Amino acid sequence: AIMGAAALSVGDILGKVIGFIILPYLTAHLGASGYGALTLYLSVIQILIIFISFSGQGLLPVKYMQEGEGSSLVFRRDNIALAFASSALLVAIFYIVTLVAKISVSFSDGFLVVLASLAQALNFINLSHLRISQTYKVAAIGQFLLSAFNVLFTIALFEMIASTPGQRLIAIAASFFSIQLAYEFFVYRKIAVERSVLQPLRKRYKEIISYGVSLLPHHGSYWIKSSVDRFFIAHYMSTAVVGVYGLAFQLTSIVMLFFGVINQAFQPFIYRKLKANDFRGVELIQYGYTALVIVSCIIYFFILPFAFPYLFNAEFNRAIYYFNILLPGTAFLSIYYIFTHSLFYYRKNKLISIITMGSMITHLIGIFVITMTEIKVEYFCLVYAISSFYACAVTFYCGKRQISIERKR
């Protein structure tokens, strides 16, 4: 199991690395303004994924561990059905908005944003089941190919049609959907679901929707911290500045994606240790992971400035300055997620939402202060670091307290 998880992590990380290799290509072909527009689209996609998936990838592993694989497979199927329904609703709403109001985004681009969001939401759901069921080989190959297709489709569309944000969205949607179809055909089509585990459809849908709604503050607060700044910068400055800031954020998010893969790989082991009341084992994973994040960020901080001029055009040079201020915030968030597992396992969704709401309010207060005083991109970076530290510190404390309570039982 450990070797399988490691193989999935390596495959996933290699896939993400392939995805980041295309960054210099994207920035060179789109320019600061075009990359800024793409950055805004990707920011919208991140929040739409939350609405489309209902955060089902978080509850599915719990269903698997507590109710068995049959129950989790039914949950997965229902989650995907709701994802398609919510996507259709979002497209209909956006179409009505384009009819009654003049907006700068075309219907075709809006449709592509929803399509790319749905494709990524399905990947989260499928990958969650593959991880918890320890189907590591299939998951690892799938994630690596996904990133490779993403790059190849992007280059093909840019070279053959046009270098636009819309073509990039098409490449994202096509690469994610192709892998989900492969998962469906090679894995899930061959698994029979026991009819005995089925509850009434209405009750199943209600559970998914209730879970998703309960976590909206949790995921919404992360979106606000990682994305809302870009819309303020676009409003008060320009999309070109958003492009430079977006590149800086993307470079720091390499840390988040790298440790997000490791964090998710640890989830099944943490859940199993919690089920076995092996609390010391959980703490060893948490502290080892935290140390790895800190060391990696320090190394990255010193290496990136040397590599940057060889990868990106001079118009993006300011990004390295923003990167230096953003990196601590990304480190805090990377650490924060490892301590949420114990709270998720014991279904402390309300507590997690309260913590993240506090972090979100801290962030919004910071933005309000900036807009009332002086608009500078580096101030947005600093606010992100402060609100991320808040989320990390409070979650660490609550996670430790929850484990302490369980120890005494």
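In this legend set, helices (H or I, at least four residues) and strands (E, at least two) are DSSP runs, numbered from the N terminus.

**Figure 1. The chain is built from 14 helices and 0 strands.** From the N terminus on, its elements run α-α-α-α-α-α-α-α-α-α-α-α-α-α. This is a predicted model, in which local features need pLDDT of at least 70 and side-chain atom pairs count only at pLDDT 80 or more, while totals for chains, interfaces and linings use all residues. Residues are numbered from 1 along each chain as its sequence is written, and side-chain values use heavy atoms, with hydrogens and water left out.

**Figure 2. W223 and F231 form a tilted aromatic pair.** Rings of Phe, Tyr and Trp (its six-membered ring) pair if their centres lie within 6.5 Å; planes under 30 degrees apart count as stacked, over 60 as edge-to-face and the rest as tilted. Here the distance is 6.2 Å centre to centre, with 45° between the planes. W223 is buried, at a relative accessible area of 16%, whereas F231 is partly exposed, at 31%. (Buried means under 20% relative accessible area, exposed over 50%, partly exposed in between, with a 1.4 Å probe and protein chains only.)

**Figure 3. F94, Y95, F107 and F111 make a cluster.** Ring pairs link these four residues. Across the structure, there are 21 aromatic pairs to look for.
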